[in-house]
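Welcome, and please open your viewer.

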Amino acid sequence: MKLMSSKQEILRQIPKVDRILVLPNVLTLLDQHPRPEVLAAARQVLAALRHSVNNGELTVLPDLNDIACLIASELSGRTLPSLQSVINGSGVVVHTNLGRSPLADVAEQAIHTVSVGYSNLEFDLATGERGSRYSHVEGLLRELTGCEAALVVNNNAAAVILALSSLANDREVIVSRGELVEIGGSFRIPEIMCQSGARLVEVGCTNRTHGRDYKGAITDATALLLKVHASNFAIVGFTAETSLAELSVMGREAGIPVMLDAGSGCLVDLSPYGIKGEPTIRKYLALGADVVTFSGDKLLGGPQAGIIVGKENLIEAMKRHPLLRALRMDKLSLAALEATLRLYRDERLALAAIPTLRMLTMSSEKISQRADRMIRYLRKRLPKSISFTRHPGESSAGGGSFPLLQLPTTLIEIRIDGATPLQMESTLRLTTPPVVGRIQRDRFLLDVRTLLDRDLAPLFASLQKAATLLAEK
Ligand SMILES: *Cc1c(COP(=O)(O)O)cnc(C)c1O
C-alpha cells in the first residue's frame, strides 16, 4: 500500500506539458523546430516517464533540465529517418537484411529522372496510344537471354506465384523432394504452390531424384514439371539430381512445360572469377527450360524485381492473369532495372559498373590494396586510440547463392582503446551512418570487399563518433 501511494505521488509530480514548453532550453528548441514537433517530443518523453514510474523502473523523477535534454534527444531521433544508409562491413555481398544489391550509378540516375517528373510509363510515344509498362525491358531481356518473351513483377516470389497461378491452377506440378526449399522470409515452395491453387506432386527422395521418378508421376492432370534452385543450401554425398536438360526432353515428349525457379539468376558467366556452378539464364533456356524466373536484386545487382523469361504462349498467359495487376512493378524499380540491364549489353561494363558484380569478382590483390588505402586514410584522420590491423579472411556471396563459396578477402580489425569488440559492435551500429561489422575470435572486423569507396568518409565520421561515445561510458 505504501508503495502504491508513493507511485501516485511521483506520477503527480510529473510536470504538465505547458510547464515544459516555457523552460529556457525548450524555448530554444522551439526556435529551431516546428512547434508541433516539439510538442509531440515533449508528450512522448512525459508518457515514457509515466510508463517507467508505473512499472516501477523509476522511483526518482529527473529534474526539469534533464527532461529538457530528453526532449532534445527525442527530437533529434525524430528527424533521423528510420530507413537509412548503412555501411556493410559484414563481407556478405548480397545481404538481404541490408537491402541486397547496391545499385549502379546509372540506375540511381534513372530513378531520379523518372521520379521527379512524368514519364512514358504506359504511353506509347510512337502511336500516342496507351502502352505497356512491361515493354520497357522486354526487348532487353530477349537480347540478353535469348528468350521469346519476358515479364517483370515485384520480386521473384511474385514471379513464381504468378507463373504457377497462370499455368497450373487446379492442376498438378511435379517437384523433386530435394527441391522443396524454404528461402527465408516465409517463402516455402509447398506453401507458394498451395496459394497458387496448384497441387504439389512430390517425387524422389531428399538426396536422390531420378528421371523415372518424374516420368512415373506424369498424369493427364500434370500442368508443369518444376525445378527449384537449391539457393541457400547444398546436398552433398550420395546424391542424384535430374538435370534440366533431361527434364526438358521428358517435358517435350509429354507435351508438358518445364519451369525453373532459378532464384538468384545470373546473366554473366562468373566461372573465370572462381565463382563456379551457376549457369547463366541464357544457358538455362538453351537447355530447354520453357519458363525461368529469377530475382532482380540478387546476383543481377539491380532493384527488387522478379523476372520471368520463356516461351511466348506461356508468358502471354501470365500477362493476361488478373494477379499481374496486384504484383506489378512500380516505375522507380522499372527505371532502375532497365538501366541495370542495359549495362549487361557489354559484359565488361556490367562487371565494372554493377556494384554486386564488382564486389564478387574483385581479386584478393585488389582488395588488399584497397585495405591499405583505407587504413592509411583512416589513420591519418583519427586519434591514436583507434588502431587498425589487417587479417586474411573470407567473404560470402549471400542472397541464397553459392552457399559453400568462400572468397578470399582482407579484413580490417578495428580497436578502440578501452572498448571490447562487443561494445564497439553495438556502438557502431548506432552511429550515423551505422557500421555493420562482424566479431570473430574476439576481434571486431570489417570486410573490405563489401565496403564501397563512398563509405570511406562516412566510416571515418562514424568511427570518430563511436570513440567519443565509448570514452564517455
Ligand atoms: C530468393 C529466391 C526466391 C525469392 O526471390 P525474391 O526476389 O526474394 O522474392 C525464390 N526462389 C528462390 C530459389 C530463391 O533463391
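This is a predicted model: local features need pLDDT of at least 70, side-chain atom pairs count only at pLDDT 80 or more; totals for chains, interfaces and linings use all residues.

Now colour the chain by domain. Domain 1 covers 2–79, domain 2 is made of 87–96 + 360–472, and domain 3 runs over 103–353. Eleven residues from domain 2 and 15 residues from domain 3 make up the contact.

What kinds of residues does domain 2 bring to the side that touches domain 3? Seven are nonpolar, four are polar and no charged residue is found there. Next, show the surface: domain 2 and domain 3 bury about 1,100 Å² between them, and carbon and sulfur atoms account for 72% of it. Select Thr361, Gly400 and Phe402 in domain 2, which lose the most area to domain 3. Together these three make up 43% of what that side buries.

Finally, move to the ligand. Select the residues around it, among them Arg100, Asn155, Asn156, Ile183, Phe187 and His229.

- Ser231 has a side-chain N or O atom 2.5 Å from an oxygen atom of the ligand.
- Asp261 places a polar side-chain atom 2.6 Å from a nitrogen atom of the ligand.
- Lys298 has a side-chain N or O atom 2.8 Å from an oxygen atom of the ligand.

How much of the ligand's accessible area does the protein cover? On its own the ligand has 380 Å², and the protein covers 94% of that.

How values were computed. Residues are numbered from 1 along each chain as its sequence is written. Side-chain values use heavy atoms; hydrogens and water are left out. Domain bounds come from an automatic or database domain assignment. Contact means heavy atoms within 4.5 Å. Buried area is the accessible area (1.4 Å probe) that two parts lose on being put together, summed over both. Ala, Val, Leu, Ile, Met, Phe, Trp, Tyr, Cys and Pro count as nonpolar, Asp, Glu, Lys and Arg as charged, and the others, Gly among them, as polar. A residue is near a molecule or strand if one of its heavy atoms lies within 4 Å of it. A polar contact is a pair of N or O atoms within 3.5 Å; within protein, one must be able to donate a hydrogen and the other to accept it, and residues adjacent in sequence count only if both atoms are side-chain atoms. Accessible areas come from the Shrake-Rupley method with a 1.4 Å probe; for residues, only the protein chains shown count as cover.
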